[in-house]
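Subject: Structure handover

Hello,

I am passing a structure on to you, with some notes on what was found in it. Please look at the sequence and the 3D view before reading on.

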Amino acid sequence: MGSTDNLVRDDNSAQVLAVFNGINTWRAQNGLNPVRYHLSVQDLAQEWSDSIASREVIEHRPSFWTDPRALNPDNGAGEVIAVRWDRDAAQLVEWWKSSPSHNAILLDPRMSVIGIGITFTNGDPYTTPNRYTMWGVVDFFGYTALPAGTTAAPGGASTSPSPSPAPVTPAPVPVNPPAGVAVAPAGAELCAAPGRFQPTTQDTSRASLHSAADVVAIDGSGSLVAYPSVGGKLGAPTALGTGFGGAISAEPVDWDRDGILDMLVQWGDGRLVLYPGLAAGQFGAPVTLGQSGWDSMAVTTGPWCATNRLPQILARDGFGNLYFYPNRGTGDLATRAYLATGVPTGAAAILDASGDGLPDLVAQRSDGALVLYRSLGQEQLVDEARPVVASGWGTVGRLQVLRGLDGPGTVGVAAVRTDGSLAYWPVSAGAFGAPRVLATGWAGIRLG
């Protein structure tokens, strides 16, 4: 913690209660059970609120769910942070509601207990506009059984030990979504196609990306480069753009099914941005699909829905929770469905890895094994033990699915191995073939 000279030790109980009530009001509006309160979790949140306020930085506490004060959550965890120039704590909740990634934590049905930290500082918005006067941190935890000392509200009587109430399944979209947020109609399947998509009639010969077999990478200088596929091999790289050193991922995807590959870029500042591909080459003006919080997610795109030709997004948080985000064009990615927990947080890819004609997810464990998560052709996963479909990969960074590298209808996975080679594994009839080397000297180059 930095110097505490800027902290103002006024009573924050009214602000804590305002945040608690605001969160539970929002959960009730969305058909969810209320969260409870715990002083141990409050101590955790208050300590971090004081820490970031004293240092005047906005950052999350690493691995906060492993702190003993978290009381061993076994059903998920999340943390939200916000700052203000006044002491209107209810507006902290309003800001979290307006941010899709933060709102997802507020409306996570697994969360059952929270702790709130509110810190006041001596910032003056009139003399020092960049100095905040209130810092808020809320830690969310899910427990299958409420820990001893849980209360119904801040300062309330104990309600534990007792089992947590059965979670209520939320509506597929918020009842009152923030203004401007694009959501699916209530009751609609998330995989429902928003329209019909025909083959393009445009001349795409000058597009920057020529096929789904092209390899996209970020080199050591932060440049985005494409390696075109040529007869099962890779051609000379061409530059797509500079300044991508701060990108976590840059994935080629035909987001709007117009026949021209776009770039979906996950930035280190938390944004998820679409760069539309142009038939004449290069990319159009960027469109922000996610405003914040995406830096904490591992994002994978691909044709997930059997009845919808648009690519979709699967994203895993740092706890191994897997979510499905339907493609809603250029609107905010505000709707999602929870699919599974315990998913390896290593590299992942969407492709038919089981040979049943439906897309699946494969995720790489730390021991180099690929674990299979079969889909049902919709957003759900098959409820089964997760088999290992490949082992001994020893790759670093992302996986990239290449379609058509070895001819029409072929598919496989490319990855950079620890020896600095770019390898390709063909996939056919639900089996991964032996890898072959596409290029060497890739140390310092990462797949987009």
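Predicted model: local features only at pLDDT ≥ 70, side-chain atom pairs only at ≥ 80, totals over all residues.

Overall make-up

The protein has 448 residues, and 50% of them are buried. Its secondary structure consists of four helices and 30 strands.

Four strands, in the order E13-E14-E15-E16, make up an open sheet with antiparallel pairing. Strands E13 (247-253) and E16 (287-290) are at its edges; each has a single partner strand, so one side of each has no neighbour in the sheet. On average, neighbouring strands here are turned by 25 degrees against each other, direction ignored.

At the E16 end, the pairing can be followed down to residues. Strand E15 (residues 272-275) pairs with E16 in the antiparallel sense, over three bridges. Val-273 has Thr-288 in E16 as its bridge partner.

A contact across the sequence

Arg-206 sits in the loop between strand E7 (162-163) and strand E8 (215-218). Its relative accessible area is 59%; the cut-off for exposed is over 50%, so Arg-206 counts as exposed. Apart from neighbours within four places in sequence, Arg-206 is in contact with Ala-279, Ala-280 and Gly-281. For Ala-280, the separation from Arg-206 is 74 residues in sequence, while the C-alpha to C-alpha distance is 5.3 Å.

Two residues with positive phi

Leu-71 is a residue other than glycine with a positive phi, near 65 degrees. The loop that holds Leu-71 runs between helix H2 (39-55) and strand E3 (77-84). With a relative accessible area of 25%, Leu-71 is partly exposed.

Ala-429, also not a glycine, has a positive phi near 55 degrees. Ala-429 is located in the loop between strand E27 (422-428) and strand E28 (431-432). The relative accessibility of Ala-429 is 75%, so this residue counts as exposed.

Regards

Note on methods: Residues numbered from 1 in each chain as written. Heavy atoms only, no water. Pairing = 2+ DSSP bridges. Axes fitted to C-alpha atoms, helices over the stretch in contact; angles between N-to-C directions. Buried < 20%, exposed > 50% of the residue type's maximum accessible area, 1.4 Å probe, protein only. Contact = heavy atoms within 4.5 Å.
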